[in-house]
Amino acid sequence: MKVYYPVISDMEDAAIQRSLNHTIIHTLNEMLVNQNFYDDNLVEMVANFEIKTNERGVLSLILIVYSFTGGAHGITFTRALTFDTRTGKQYELEELFKENSDYVKKISDIIREDIKKWKIELLEPPFKEIRKDQDFYIADTSIVIFFQLYEITPYYWGFPYFPIPLLDLRDIIKPDTPLDRMMAFT
């Protein structure tokens, strides 16, 4: 078992720093338990992370946990966390968009086109729409919507990632959110 995770340090506000670190550790612990941490058949477990954005007061990262308990292959689960490092607030997808903006439809339409363009094989075609709480992270001037293994595609497709330029969503982005802050520099 190998577990690597980020630790935030050297922030001006120690309370925000503690809060962010607590959220990261709590989320990772939930993932470890859900990925068979206590299973007697556990053969291998590896946890890692990737920082996607850490600028302009926005921290967006993903936690990745792979576990193998036997069978044809192990399973990997990824969880994204996006924070405003000035306030410590963690953002869910719906909080990034204006009320009544129908962000689900707009993002789903973009993803639907990408699925066609990239000829992605779906488990249950046609693609309908994202969840209101779909997984996402922010990478520079894009929001990346992604799906878990087996969520919409067969295992061998891996994690389907759909980067969407913030300029394509500018009319529905809520002011004073991490997306707004990242878009201000495009």
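1. Basis of the model. The model is predicted: local features need pLDDT of at least 70 and side-chain atom pairs count only at pLDDT 80 or more, whereas totals for chains, interfaces and linings use all residues. Residues are numbered from 1 along each chain as its sequence is written, and side-chain values use heavy atoms, with hydrogens and water left out.

2. The sheet. Helices (H or I, at least four residues) and strands (E, at least two) are DSSP runs numbered from the N terminus, and two strands pair if DSSP finds at least two bridges between them. β1 and β2 (residues 44-55) run parallel and are joined by two bridges; Lys-2 stands opposite Val-46 in β2.

3. The β3-β4 hairpin. β3 and β4 are antiparallel and pair over ten bridges, with Leu-59 having Phe-83 in β4 as its bridge partner. Six residues lie between the two strands of this hairpin, and Gly-70 in the turn has a positive phi of about 115°. Seven of the ten residues of β4 are buried, where buried means under 20% relative accessible area, exposed over 50% and partly exposed in between (1.4 Å probe, protein chains only).

4. Arg-79 in β4. Arg-79 lies in strand β4 and is partly exposed, because its relative accessible area is 26%. Arg-79 and Leu-63 are 16 residues apart in sequence, yet their C-alpha atoms are 5.2 Å apart. Leaving aside neighbours within four places in sequence, the contacts of Arg-79 (heavy atoms within 4.5 Å) include Thr-27, Glu-30, Met-31 and Gln-90.

5. The buried side of helix α1. Which residues of α1 are buried? They are Ile-16, Gln-17, Leu-20, Asn-21, Thr-23, Ile-24, Thr-27, Leu-28, Met-31 and Leu-32. These residues lie on the same side of α1 because they cover an arc of only 165° around the axis, the arc being that of the directions from the helix axis to the C-beta atoms. An α-helix has 3.6 residues a turn, so residues three or four places apart point the same way. The buried residues of α1 pack against β1, β2, β3 and β4, whereas the face turned away from them carries the exposed residues Arg-18, His-22 and Asn-34.

6. The length and ends of α1. The 21 residues of α1 should span 30 Å at 1.5 Å a residue, and the end C-alpha atoms are 30 Å apart, which agrees; the expected span is 1.5 Å times one less than the number of residues. At the start of α1, a side-chain oxygen of Asp-13 comes within 3.0 Å of the backbone nitrogen of Ala-15. Just after α1, Asn-36 takes a positive phi of about 80° although Asn-36 is not a glycine. Asn-36 counts as partly exposed because its relative accessibility is 26%.

7. Other loop residues. Asn-100, in the loop between β4 and α2, is not a glycine but has a positive phi of about 60°; at 81% relative accessibility, Asn-100 counts as exposed. Pro-125 and Pro-126 are joined by a cis peptide bond with omega of about -5°. Pro-126 is in the loop between α2 (103-118) and β5 (135-139). Is Thr-177 buried or exposed? Thr-177 counts as buried because its relative accessibility is 2%. Not counting residues up to four places away in sequence, Thr-177 touches Tyr-91, Glu-95 and Leu-96.

Notes. A polar contact is a pair of N or O atoms within 3.5 Å; within protein, one must be able to donate a hydrogen and the other to accept it, and residues adjacent in sequence count only if both atoms are side-chain atoms.
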